[in-house]
Amino acid sequence: MINRAIELVRKSIEPLVFTGAGMSRESGMRTFRGEDGLWNEYSPEQLSSISGLRSNPEVVWDWYRMRLMASEGVVPHAGYEALTYLQKEKGNLPVITQNVDGLHRLAGQTDVLEIHGSMRTASCLDGCGFSTELTSEVLKNIPPFCPDCGAILRPDIVLFGEPLPQEVILRSYRLAEKCDLMFVIGTSVQVWPAAGIPFTALDKGAVIIEINPVQTELPHNENVISIRRKAGEILPLLFGTGEKI
Ligand code: NAD
Ligand code: ZN
């Protein structure tokens, strides 16, 4: 199975990567669903919505501060490095991620499409145009306020009930339509419309190499190679060896 995967990557002309929370699990970031998932403890409606942010800004910002503090010192694991290596080798490997932790960029990857935004920055909830990096200085007082207009700041992630960033999602779907190979790594393929991205690639005839220790919503057929291993273990085995792809 691994040999077939390596062969497919070697031959691929338009490869694409699609990742979810499981990609960052071995860097120490928790997933939302599944064993040890954050939603087992917290309600998404309360903590990840505009209405929650407006009615309980302290509670919501406290949760983001906790997530940011938990991500301090988190570094991309060997699987990220392997993807960075592969991107350089192929010259053309866009990375679509549902993650908001910024680890693909931190690993030196370029052409990263963050379809759910990034938790590394925040901007004015009233849209006056103010935007800032989320440093510990900004998070000293919770909730943080916009220095320009006095409104509350919001994290630059897509909150429940909000549309996804249109340009990013459109390009993601366009890439999915024309790719010949898609890596689907560490995602339960349950969160829509993001989940439509791998299904679009499959519909258009692409082959999927899935990396996830657990079975997902993806079908079982000859176009889906499911490697039931952890991203941090298998990606370096596939491409991290310095061998030419
Ligand atoms: P999910 O929590 O629904 O699913 C995670 C998947 O990763 C599961 O199928 C699990 O089996 C798999 N997994 C766990 N450990 C793995 C490993 N070591 N290697 C490979 N796979 C592994 O995540 P999702 O599908 O990304 O959807 C959740 C949503 O939550 C996304 O929209 C995302 O924006 C957000 N989120 C982001 C982060 C982050 O930025 N790190 C963390 C949690 C949630
Ligand atoms: Zn403002």
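Two strands are taken to pair if DSSP finds at least two bridges between them. On this basis, in the predicted model described here, six strands form an open sheet in the order S3-S2-S1-S7-S8-S9, and the pairing is parallel. Strand S3 (112–114) and strand S9 (224–227) are the edge strands, each of them pairing on one side only, and from one strand to the next the twist averages 15 degrees. Within this sheet, strand S1 (residues 15–19) and strand S2 (residues 95–97) run parallel and are joined by three bridges; Phe-18 has Ile-96 as its bridge partner in S2.

A further open sheet consists of three strands in the order S5-S4-S6, and here the pairing is antiparallel. Because strand S5 (131–133) and strand S6 (153–157) each have a single partner strand, they stand at the edges of the sheet, and one side of each is left without a neighbour in it. Strand S4 (residues 117–124) pairs with S6 in the antiparallel sense over four bridges, and the bridge partner of Ser-123 in S6 is Arg-154. In general, the strands of a sheet pair through backbone hydrogen bonds, in either a parallel or an antiparallel manner.

The ligand site was examined next. The shell around ligand 1 receives residues both from domain 1 (1–29 + 75–116 + 164–245) and from domain 2 (31–73 + 120–157), so the ligand lies between the two domains. There are 26 residues around ligand 1, of which Gln-98, Asp-101, His-116, Thr-187 and Ser-188 come nearest. When sorted by class, the shell comprises nine nonpolar, 11 polar and six charged residues.

A backbone N or O atom of Gln-98 is placed 2.3 Å from an oxygen atom of ligand 1, while an N or O atom in the side chain of His-116 lies 2.6 Å from an oxygen atom of the ligand. For Gly-186, a polar backbone atom is found 3.2 Å from an oxygen atom of ligand 1. As for solvent-accessible area, ligand 1 taken alone exposes 850 Å², and 92% of that is buried by the protein.

Key
Residues are numbered from 1 along each chain as its sequence is written. Chains are lettered from A and ligands numbered from 1 in the order in which they are written. This is a predicted model: local features need pLDDT of at least 70, side-chain atom pairs count only at pLDDT 80 or more; totals for chains, interfaces and linings use all residues. Side-chain values use heavy atoms; hydrogens and water are left out. A residue is near a molecule or strand if one of its heavy atoms lies within 4 Å of it. A polar contact is a pair of N or O atoms within 3.5 Å; within protein, one must be able to donate a hydrogen and the other to accept it, and residues adjacent in sequence count only if both atoms are side-chain atoms. Accessible areas come from the Shrake-Rupley method with a 1.4 Å probe; for residues, only the protein chains shown count as cover. Ala, Val, Leu, Ile, Met, Phe, Trp, Tyr, Cys and Pro count as nonpolar, Asp, Glu, Lys and Arg as charged, and the others, Gly among them, as polar. Domain bounds come from an automatic or database domain assignment. Helices (H or I, at least four residues) and strands (E, at least two) are DSSP runs, numbered from the N terminus. Axes are lines fitted to C-alpha atoms, for helices over the stretch in contact, and angles run from 0 to 180 degrees between N-to-C directions.
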